[in-house]
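Hi,

Here is the structure I promised to pass on. Have a look at it first, and my notes follow below.

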Amino acid sequence: MGGNTFGEIFTVTTFGESHGEGLGCIIDGLPAGIDFNAEFLQSEMDRRKPGAKSAAVTNRKEADKAEVLSGIFEGKTTGTPIAVLIRNSNQHSSDYNNIMNKFRPGHADYTFWKKYGIRDYRGGGRSSGRETCARVAAGAFAKMFLNTMGIKVTAYTVKAAGISATETDLAEIENNQIRTADKNAAPLMQKKIEEFQKAGNSCGGIVECRIDGIPAGIGEPVFDKLDALLAHAILSIGAIKGIEFGLGFGCADSTGFDNNDFMRSGPSFETNNAGGILGGISNGNTVIFRAAVKPVPSIYQKQETIDKEGNECDILIEGRHDVCLCPRIVPVIEAMTAVTLCDLILRNRSARA
């Protein structure tokens, strides 16, 4: 299987399956001398881990303890590969016995089987959202590096279960179960998600992410534009089905005069329709993008599908599943954003004398 590594200089390779012994990542290219913060690493893992007391989140209980096996000495990075292991401890593989020969709608079951001739039906194996715990571990190290430059990545839910946030207070994100920056919208989102849970259904949403403190000049101007690589990184998360930067699709209904961000001395910009990126390179403004999160495909309702022989049949999925992915995907989006930035920043160091 190819495609398990992201990045060119700062690289992240993830491994493991949902119901295997564990998952993890190998991080290479992180410069030596970065302060390692074990407490921060685990706090990032805890933000993503299952088992939170919320209608949105699966009740699978995993400690998601990040074991750092290499690359750290005397509290600092050594410049050598960093290996992180997250062990699985609460798999209920028998929950999937009734679907071993059936393809779950909305999942990668059928496409994995067509590509490889074999699939791990226990929670989706490598295609499971559980793979993202390794990404969050890598993202924690990336954030430690970005912190040395005053760059901060913050994601939050702006829409869930059809309810939109109308305010943005970043201090509120970790104060509610939906991880929205709008304290008034949070209970409305939660109530609607509970309705989907009771109906055995699921719902999607939108997560916004902002990069503050990023200097102008980050990004390669042709194939590896900052927005192009961020799109690659974010769309590589299984549940993400769309992404837009700044004004995004709204620019299709705008004009050149209205869409352009006029510049002032400083330099500064009157608006941020470009989302902080011009020509694939950061312009010094806050980088802002939004990602569409699809409804969880594992729902507790009878659905129509086919089996391995091509016969039409019904399927009823059991097990433990999220109802809305937004709260747990917030730290994953932050992680992939941070990883992308680290790689481009390190590449940028060779751009000029």
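S3 and strand S7 (residues 82-87) run antiparallel to one another, paired over 6 bridges; strands here are DSSP runs of E with at least two residues, helices are runs of H or I with at least four, and both are numbered from the N terminus. Two strands count as paired if DSSP finds at least two bridges between them. Within that pairing, Cys-25 has Val-84 in S7 as its bridge partner. The link from S2 to S3 is a hairpin of 5 residues. S3 itself (residues 22-28) is mostly covered, with 5 of its 7 residues buried (buried is under 20% relative accessible area, exposed is over 50%, partly exposed is in between, with a 1.4 Å probe and protein chains only).

Before you go further: this is a predicted model, where local features need pLDDT of at least 70 and side-chain atom pairs count only at pLDDT 80 or more, while totals for chains, interfaces and linings use all residues. Residues are numbered from 1 along each chain as its sequence is written, and side-chain values use heavy atoms, leaving out hydrogens and water.

On to the aromatics. Rings of Phe, Tyr and Trp (its six-membered ring) pair if their centres lie within 6.5 Å, with planes under 30 degrees apart called stacked, over 60 edge-to-face and the rest tilted. By this rule there are 6 aromatic pairs. Phe-112 and Tyr-116 are a tilted pair because their planes meet at 55°, with ring centres 5.6 Å apart. Both sit in helix H2 (residues 109-116), 4 residues apart, so about one helical turn separates them. Phe-112 is partly exposed at 21% relative accessibility, and Tyr-116 is partly exposed at 34%. Phe-245 and Phe-289 have centres 5.6 Å apart and planes at 50°, so this pair is tilted too. The pair links distant parts of the chain, with Phe-245 in strand S11 (residues 240-245) and Phe-289 in strand S16 (residues 287-293), 44 residues apart. Phe-245 and Phe-289 are both buried. There is also an aromatic cluster made up of Phe-103, Tyr-110 and Trp-113.

Grid points are joined across faces, edges and corners, and a volume is the space filled by probe spheres set on the points. The second largest pocket has a volume of about 430 Å³. Its lining has 20 residues, with Phe-40, Glu-44, Lys-143, Asn-147 and Lys-152 nearest the centre. Helix H1 (38-48), helix H3 (132-147) and strand S8 (152-160) each give at least two residues to that lining.

The whole structure has 1 cavity of 30 Å³ or more, and the largest cavity holds about 40 Å³. Phe-112 turns up again here, lining the largest cavity along with Ala-108, Asp-109, Arg-119, Asp-120, Gly-124 and Ser-127.

Overall, the protein chain has 7 helices and 18 strands.

Cheers

Notes
1 Å grid on protein atoms, 1.4 Å probe; cavity = no way out; pocket = protein on both sides within 12 Å on 5 of 7 lines; lining within 4 Å.
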